[in-house]
Amino acid sequence: MVFPPLGLWWLWSVLEQSGHDVSFIDMSEHNLKPEDVPHGFDVYMVSGTSPQGREIRKLGREFQRRGVPAVLGGPHATNYPRNSRKYYPLVVRREGEQAVLKAISHIQSGGALECLSDQEVAGSTNGDGAALGKYQRGIIEEPFIDDLGLIPIPNRSYAHHYHYFLADEKENSHRATTMFTSRGCPKRCDFCDSPNLWSRAVRNTPMPRLIEEFQQIRELGFGAIQFYDDILPINPRRMKEICGHLKTFGLFWRCFCRVDIITKHGGRDYLQFMHDHGLREVLIGAESGSQKILDNVHKETTVEQNAQVLQWCDEVGIRCKLSFIIGLPGETRESLEQTRLFLRKHLIETPRRLRHKVDLCSYIPMVGTPIYKAAMRKKGARAETDEEFDDYGYHPGENFADFDLQWNVDAALMDNFFYEPESLDGGPRPDELFYKGKLGAVQQIVSTSHLSREELKKARDEMEAEIRAAGFAY
Ligand code: B12
Ligand code: SF4
């Protein structure tokens, strides 16, 4: 109960605007099991990511058992539409604000609400016309909404149930909530699912809508915002306008940013300007201390930029959280050593004004991403959907035919996570692993031609021990 599911809160507003009575349940709040979900609703709307795949399926089974219509949306539904149709009669892919109304009208008009059997899932993949038709009847995908001003702002009436605090440079904590000002990312880091989910075109919410949202957030008693835009500072002119409003409302803030964007738009001065308008922390996808690895995944940033932006942030008074991924394609002993040296040189051994943070993630391939698709293609296998990335701006054949990466997820590895073996359903899938898993049980599922899964895990654990011993928080 830290970060609220904004997607559902957007749908909440849309549904209310169209006259529906809506209740919102976060199953993690009271650790609800599927059977504990309250009865009595006409329709259930479920959202989730792939690491929540099992919970999503169990919930679908529960609603089937109850005989009540259920609609699934979110990143998992987008990437696993076929499998999801086994558990949900209606599956919404990608953006939901228009699709949810279509789903409701399908239900209201008495449209068919059938899930697929295993045979129908197979048939729909193998070109059986009847099975394919049945599969498609339950899939809703609407075009992206051109004008985000046409959708209402998210309903935040449940926001006080979530607990996130942003510290300023004096370590005073401000109660924060989350917000988006845009959707989409023009970059194409090969491990990332965002361009696939949202496209590479960036759509901005019009300024009057943002002001309305700042007002709502202030009135609810929050003093800070975590912006979830993929790259909030991407457009300096718009950023400056947003900064003006944030200052007027007296809000501190945190955002995600890319070091190349900061460097391109004025470097230290840009950071200083944003700091003067309330920016107190940034999350930077540093990913690796090796330029070769950054290039392998088309990150389009440099190791020097990562070090430089960290230095500027420290001077200006912005805390950095640097996120690294261990086990990206082509990882070798040497590249791991470069990451270790980066951490030592720029964090452990350099005195800093601020307490910066570090996250060391194990790489887990997500189905919608270029790396996953390329690996499947190499194996001659297919991902869940046949679609290539052309519609969304890029496609996997382009210039990365040979990612040096393998994975093989076995049931024993899955059991180390928080899932019960009984519900494996067709075998474990890599992206249903949550990389943090149980406390102290971070797993590595990929290997490269130079490093085994165990070697990668050992290196990550050692780096983590070193950085935590030096006092850097997660
Ligand atoms: C905020 C966020 C988080 C927060 C979650 C807060 C929360 N409770 O939502 C935190 C920090 C906890 C988090 C953690 C993780 N995250 Co995260 N996260 C995001 C982020 C930045 C924004 C999500 C969001 O709010 N999007 C905006 C809303 C509007 O979109 P949405 O939720 O998808 O909903 C829209 C549609 O999907 C659809 N929809 C959604 N649900 C439903 C339901 C119905 C019924 C309907 C009709 C429609 C519908 O309509 C909505 C409105 O258009 C996205 C990146 C992104 N740009 O989306 C990554 C993202 C979702 N995360 C991702 C990942 C991988 C993770 C982690 C695994 C990271 C890690 N290694 O630990 C963990 C796993 C957490 C978990 N248990 O699932 C991936 C998911 C990939 C995938 N295919 O599943 C994403 C896409 C990042 C990426 N670029 O690859 N994350
Ligand atoms: S990692 Fe960030 S910059 Fe790269 S594609 Fe994903 S959202 Fe965009």
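**Figure 1. Confidence across the predicted model.** In this predicted model, the protein has a mean pLDDT of 89, and 88% of its residues reach 70 or more. Residues 388-399 have a pLDDT below 50, and the model gives this stretch 21 contacts beyond near neighbours in sequence. A further stretch, residues 416-424, also stays under 50 in pLDDT, and 18 contacts beyond four places in sequence are found for it in the model.

Figure 2. Strand E2, made of residues 70-73, and strand E3, made of residues 90-92, are joined in the parallel sense over two bridges, and valine 71 has leucine 90 of E3 as its bridge partner.

**Figure 3. The surroundings of ligand 2.** The shell around ligand 2 includes the cysteines Cys185, Cys189 and Cys192, and among the other residues that surround the ligand are Lys187, Arg188, Ser194, Pro195 and Asp230. Ile231, Arg258 and Gly285 also belong to this shell. By residue type, the shell around ligand 2 divides into five nonpolar, two polar and four charged residues.

**Figure 4. Glutamate 171, a residue with a positive phi.** Most residues other than glycine have a negative phi. Glutamate 171, although it is not a glycine, has a positive phi of about 65 degrees. This glutamate lies in the loop that runs between strand E5 (164-167) and strand E6 (173-179). Is glutamate 171 buried or exposed? With 9 other C-beta atoms within 10 Å, glutamate 171 counts as exposed, because the cut-off for that class is 12 or fewer.

**Figure 5. Glutamate 300, in a loop between two helices.** Glutamate 300 is found between helix H13 (291-296) and helix H14 (303-316), in the loop that links them. Phi of glutamate 300 is near 60 degrees, which is a positive value in a residue other than glycine. Glutamate 300 has 13 other C-beta atoms within 10 Å and is therefore partly exposed, as this class lies between the limit of 12 or fewer for exposed residues and that of 20 or more for buried ones.

Key: Residues numbered from 1 in each chain as written. Chains lettered and ligands numbered in written order. Predicted model: local features only at pLDDT ≥ 70, side-chain atom pairs only at ≥ 80, totals over all residues. Helix = DSSP H or I, 4+ residues; strand = E, 2+ residues; numbered from the N terminus. pLDDT = per-residue confidence, 0-100. Contact = placed C-beta atoms within 7 Å. Near = placed C-beta within 6 Å. Nonpolar A, V, L, I, M, F, W, Y, C, P; charged D, E, K, R; others polar. Pairing = 2+ DSSP bridges.
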